[in-house]
Structure formats: structure tokens, C-alpha cells
Amino acid sequence: MSAIVCSHVDKAYGATTVIRDLNLSIEEHEFVVFLGPSGCGKSTLLRMLAGLEDISGGEVSIGGKVVNDLDPGDRGIAMVFQNYALYPHMTIFDNIAFGLRRQKVPAPEIDKRVRAVAATLGLDPYLGRKPAELSGGQQQRVAIARAMIKTPKVFLFDEPLSNLDAKLRNHMRVEIARLHQSLKTTTVYVTHDQLEAMTLADRIVLLKDGVIEQIGSPAEIYGRPANIFVAGFIGTPNMNFIEVTVARSGNGWTLTGAGTALSIDGAGFHLQPGGRAVLGIRPPDLKTARDGDAGILQGTADLIEFHGNDALVTFGSGGKEISALVPARECPVLHAPVRYMFEEANIHLFDATSGASLRQQ
Amino acid sequence: MPRRSSLPVTFVVPTLVILLILSMVPTLYAIIIALQNRELSSTAYSWVWFSNFFDLFSDRRFLNAVWVSVKWEVVTVVATMVVAIGLGVLMFEVASQRLRNVYCLLFIIPVLLPRVSAAFVWKFAYHPLYGIATYPYRLLTGGLIFDPLSKPSTALFAVASVDVWQWGLFFAVIVLKLLETLPPQPIEAARLDHAKRWQIHAYVTLPMLKAPLVSLMFVKMIESLRSFDLIYVMTRGGPGVATETLDMYAFSQGFIESGKVSYASAMAVLMMIATVITFTMLWKRVQA
């Protein structure tokens with residue numbers, strides 16, 4: 001049975017539609033990440049699941065029960081907020097116990113459960129303190145404890161790590177992953193950080209302007225992006241896009257653009273002779289070319305960004321900026337001529353007008 | 001003294017001196033008078049030291065005035081805070097943004113009225129025959145007379161209601177604005193934590209607003225001490241001594257009934273001492 005089902009869900013504020021006819025089904029024990037740029041509706045969608053926003057149209061069910069008109073407290077969910085949303089005047093113990101007290105759980109049991117949850121998250125020493133006396137990471141752990149103690153059917157995370165510094169964010173990300181491994185609670189996690197999405201998710205739901213662009217495992221989304229938006233949004237550094245004209249040549253195809261003509265086999269793509277397409281290549285898929293290689297992009301290195309293990313080389317080819325991520329030891333000097341090749345298995349082709357992938361399913 | 005710091009001193013000192021003179025001279029003079037036996041009817045006086053104070057404690061009308069003052073203070077402060085928090089929360093829960101603005105405007109009007117005008121308006125509203133506030137009673141009982149201002153049991157509450165009408169509604173606006181400044185997330189978290197609406201306010205929003213609400217209460221406590229104009233217009237301390245607060249009694253002893261200014265000053269000095277001690281203790285208590 002699916003844990004969460006959204007069917008034909010709409011959300012509008014007055015005349016502005018934020019989410020349009022959204023259909024989504026989330027399985028039990030799954031870790032699903034809503035990913036997208038700011039304003040894509042991912043947080044709104046999460047808040048609709050939580051019951052903090054009204055649903056303008058369609059139906060949301062959690063655990064097989066339609067929850068459209070249920071109060072947030074009655075939906076069997078728990079939520080962790082971006083800014084922790086702790087009760088500032090209560091001790092950590094009272095913060096964690098608040099929900100149980102409202103449900104009239106007997107005091108000895110509350111005490112037992114709070115201590116158990118606090119032990120899991122390493123909050124024992126802080127139970128008597130106020131939130132303001134804790135660091136950001138500790139506060140977020142309290143927020144997670146407050147969510148965990150309710151043993152919900154579904155965890156909702158609304159950008160929980162955005163307020164933390166980079167190092168703490170990595171640490172908490174690992175903790176959340178471990179927590180999901182041990183609790184196996186269905187989790188919906190909103191973020192705009194693709195690294196969080198890639199590392200945590202069983203499935204990523206990529207949203208743009210209130211519409212789902214693609215749903216899939218991190219590997220699928222990275223390896224087989226459904227359209228040019230997904231391809232451009234996922235992956236750091238960003239994918240190179242080159243507008244090309246497609247022509248037939250012998251058994252294969254020739255892509256002309258950015259000052260070069262590239263011959264490809266073309267099997268696996270729906271190509272039209274004379275059509276226009278966008279060629280996508282991820283920077284790490286460009287390798288330093290040797291003599292005799294096919295599929296070569298060349299130019300002069302304009303900019304070199306040193307990353308440690310690798311270096312990002314940006315070069316101009318036919319007026320188009322192209323980046324290649326190469327091992328640092330192969331890094332060219334600035335303004336030197338560079339030649340990079342790619343393998344056909346690693347390229348992406350998109351329709352120039354619709355942006356949809358031309359890959360055969 | 002270095003040259004740089006002389007400018008602020010130049011500006012501050014004259015004002016401070018004027019303030020000190022204005023506040024300290026009457027205070028000291030009141031203390032001096034309280035130790036004498038001056039009366040308005042003659043210029044002769046002698047030093048009687050503390051006998052005015054001893055007399056006060058055997059004066060049953062004075063003890064009554066103390067009791068009325070305490071009642072007045074408790075009733076007006078508690079009722080104002082209850083009305084302010086109740087109405088503030090109610091507006092926060094049910095009123096739309098536009099309605100809130102309308103209510104806020106309406107609720108500020110009473111406090112803008114001068115106290116004496118408000119007192120006259122309500123004195124007439126409480127009129128047993130023509131008053132709008134007593135109209136429902138006449139209607140329901142078929143014309144029976146109810147005069148809240150001339151019954152000892154209701155007079156104090158009738159006057160207090162005017163005070164609450166002015167300040168409770170105004171404070172309701174402040175409470176609403178305070179609630180609006182709170183971050184929404186803890187409220188949302190409480191909703192997810194199974195809290196009912198009243199529980200959200202009882203356990204989350206109002207405790208978060210504890211400091212400003214306590215400040216508001218202090219403002220009202222100080223304001224309630226200045227009840228003279230309201231009581232003077234509406235009941236003059238009556239019926240009998242039912243609404244005679246300390247300032248009313250001191251005024252009538254000093255200027256109306258017997259002209260015993262020294263006796264009245266002794267009361268004023270006692271009031272000052274009691275107020276300073278009470279407020280210092282309360283303030284320390286709240287700060288801790």
C-alpha cells in the first residue's frame with residue numbers, strides 16, 4: 001500500500017496557481033526528496049501534506065485515508081522545520097514532550113519515551129536547557145526528536161539543513177540517512193540542495209513551477225534526465241549545452257554547432273535529418289583527447305578553476321563556453337589550446353523546441 | 001574633565017536640574033507638611049511630627065480608602081489584562097486582516113478620549129432612567145430602576161468598567177500586534193503536536209509574549225493609580241465611601257471637607273512609600 005497518494009492536486013492563491021494537477025504516489029518506507037529551484041512549489045506541496053496549507057483541488061491521502069480536511073495533528077505525520085520552530089520558552093525536555101502531553105499520554109511513559117529518543121539523538125545532557133542555549137545543529141536534533149517521539153507514519157522535512165553551516169550540514173545529512181535506515185519511516189524531504197537530494201533519496205521528485213518535471217532514482221535523474229531543465233538543474237558543475245543541427249551522414253549522424261561537426265552513431269536517439277537539437281555533455285564526461293579520437297571539442301582555455309583533485313577548464317568553441325572537469329594533473333595552462341573528446345554513451349540530446357529528451361526509452 | 005565630554009553634560013544638566021526641582025520640591029514639601037498640623041483656615045502651625053500618621057491608622061475612613069484602592073487596583077488591572085488578552089487572541093484567531101484593522105481603529109478610540117469626557121459619557125450611560133447601559137435592565141424587568149453608580153456593591157465595578165473600556169480595548173490592539181510579530185513556525189509546530197487552538201495560545205504564544213505582557217501590566221498598574229479624575233466625575237467617592245480611594249480621600253480631607261492639608265499630606269506620603277516598596281518588590285520578582 002502506498003503511504004502517500006496525491007491525485008490531481010492543485011494549489012492556488014487567488015488567481016495565482018502554484019501547483020497544477022500533480023499526481024504522485026509514495027511507497028511505504030520510501031525516502032522521497034522534493035527538489036527544485038526556489039518558488040517551484042515544493043515547500044507548498046509539503047505543507048499541503050502536513051495540513052498547514054489548504055488543498056485547492058484534488059485529493060491527498062496518507063496511509064490509505066483521505067486527509068484533505070483533517071487537522072495537521074490527526075494526519076499521522078511529524079514535521080521538521082527549516083528554522084527548527086522550537087518553543088523558545090520551554091526546556092528541551094518540554095519541547096520534546098509537548099505533543100505527547102497534548103495527547104494525554106501518562107507522565108511516566110512520556111518521561112521514558114523522551115529519554116529514549118534523547119538517547120538516540122545524543123540529547124541527554126541538554127534536556128534541562130532552553131533552545132537558545134543550544135547550537136544550531138543541536139536545535140535541529142531537538143526538532144527531529146520532537147518529530148520522532150510521535151512515532152508518525154510519515155516524516156516531513158522542510159529544508160531542515162539550510163540554516164546550518166556546511167560542515168554541520170554534512171554531518172546532519174549522514175545522521176538523517178542513518179535515522180531513516182534504522183526507523184524506516186516513510187519520509188518526504190524538501191530541499192533545493194541537489195547534493196542532499198542525491199545522497200538521501202530513494203526517489204527524487206523534481207519540480208518546476210508547480211509541475212513535476214521528472215520522478216526517479218538519483219541515478220536515473222542524473223543519467224537519463226527527461227528534459228533539458230532536469231539536465232541543467234542536476235549535476236555540479238552544470239551540464240554543457242550546445243545547439244546543433246542534425247544531419248544524416250552514411251550510417252551515422254553529424255551534429256553541427258559551436259564551430260565543430262561531431263559524428264555520432266545516433267543509435268538510441270530519435271533524430272530527424274535537418275532538425276535542431278541541443279547536445280548535452282556533463283563536464284566530467286569530457287576527457288583529454290588523443291590523436292585519432294572522434295567527437296572532439298577544442299578551443300583555448302579561458303578559465304581554470306582548481307578544485308583539488310580536479311580542475312574545471314572553461315574554453316570557447318565557436319563562440320560557446322564549454323567546461324570540462326579534468327584530473328588536476330592533466331590541467332592545461334591558461335590560454336593554451338585544449339582538445340577534449342567524449343564517448344557517445346555519455347551524451348544527451350534534447351529537442352531544441354520542447355526541451356524533451358530524444359533518448360529512446 | 002576632558003573637553004570632549006563636556007558637551008553632553010551641558011545639554012543634560014539643565015534638564016535634569018529642572019526635573020529634579022519639579023519632582024523633589026513638592027515631594028519634600030509634602031513630607032515637611034505631613035509632619036506639621038497645617039490647616040487651610042489658618043496660617044498658624046506647629047510641628048507635630050508623626051502624630052498625623054498615628055491618627056491615620058485609627059481613622060476607619062482611611063482604612064476603608066486603603067481597601068478601596070487595593071480593590072480598584074486589582075479589579076482594573078486584572079480586568080484590563082483579561083479583556084486585552086481575550087480580545088487580542090480572538091481577533092488573531094477569527095478576524096481577517098482587513099477586519100483586524102477596522103477593529104484596531106475602533107478599539108483605540110476610547111483611550112483617545114480625555115478621562116473626564118469618558119467619565120461623563122458613561123455617567124450618563126449608567127443613568128437609571130435614560131442611560132443606554134441600563135436600558136436592557138429596564139426592558140427586561142418592565143421598567144424597574146437600576147442605578148449602578150449609587151449602589152455601594154456595584155459602584156466600584158461600574159467605574160472600573162469605564163477604565164477597562166478605555167485601556168482593555170487599547171491593550172487588545174497591542175496584544176494583537178504582539179501576536180502578529182510572533183514567528184508562525186512554533187504555532188504550526190504546535191498544531192502538528194495535537195494542540196487545540198486555545199492550547200496553542202495558553203502554552204505557546206502567550207508564554208512567548210510573557211515579557212511584553214508583564215510590561216503592559218506594569219504600565220496598567222501605574223496608570224490605575226491615577227484614577228482620581230474618573231472617580232471624581234462619576235461618583236465623587238460615593239455612594240458613602242464605597243468608591244473613595246486614597247487620592248479621593250486625601251483630596252476631600254485636604255480641600256473639601258476640613259482643609260486639613262497636613263493630614264492629607266501624610267496620606268500622600270504613605271501612598272508614595274507603599275507604592276515605591278510594592279513596585280520595587282514586584283519588579284525584582286518579575287526580573288528574577
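Predicted model: local features only at pLDDT ≥ 70, side-chain atom pairs only at ≥ 80, totals over all residues.
Residues are numbered from 1 along each chain as its sequence is written, while chains are lettered from A and ligands numbered from 1 in the order in which they are written. Local features need pLDDT of at least 70, side-chain atom pairs count only at pLDDT 80 or more, and totals for chains, interfaces and linings use all residues; side-chain values use heavy atoms, with hydrogens and water left out.

Let's start with helix H2 of chain A, residues 92–102. Helices here are DSSP runs of H or I with at least four residues, numbered from the N terminus. Nine of the eleven residues of H2(A) are buried, meaning under 20% relative accessible area with a 1.4 Å probe, protein chains only. Among them are Phe93(A), Phe98(A), Leu100(A) and Arg102(A). What covers these buried residues? The cover includes H3 (107–120) and H4 (136–148) of chain A, together with H8 (184–192) and H9 (197–208) of chain B. Just after H2(A), Lys104(A) takes a positive phi of about 60°.

That cover brings us to the partner chain. Here 15 residues of chain B are in contact (heavy atoms within 4.5 Å) with 22 residues of chain A. The two chains bury about 1,800 Å² between them, 60% of it from carbon and sulfur atoms; this is the accessible area (1.4 Å probe) that two parts lose on being put together, summed over both. On the chain B side, Leu192(B), Asp193(B) and His194(B) lose the most area to chain A, together 40% of what that side buries.

The rule finds two salt bridges across this interface, each a side-chain nitrogen of Lys or Arg within 4 Å of a carboxyl oxygen of Asp or Glu. Lys150(A) and Asp193(B) meet in a salt bridge at 2.9 Å, N to O. H8 and H9 of chain B each supply at least two residues of the side that touches chain A, and H8(B) gives the largest share, seven residues.

Four residues of domain 1 are in contact with four residues of domain 2, and the two domains bury about 310 Å² between them. In domain 1, Tyr222(A), Gly223(A) and Pro225(A) lose the most area to domain 2, together 98% of what that side buries. Across this interface the rule finds zero salt bridges.

Methods. Buried < 20%, exposed > 50% of the residue type's maximum accessible area, 1.4 Å probe, protein only.
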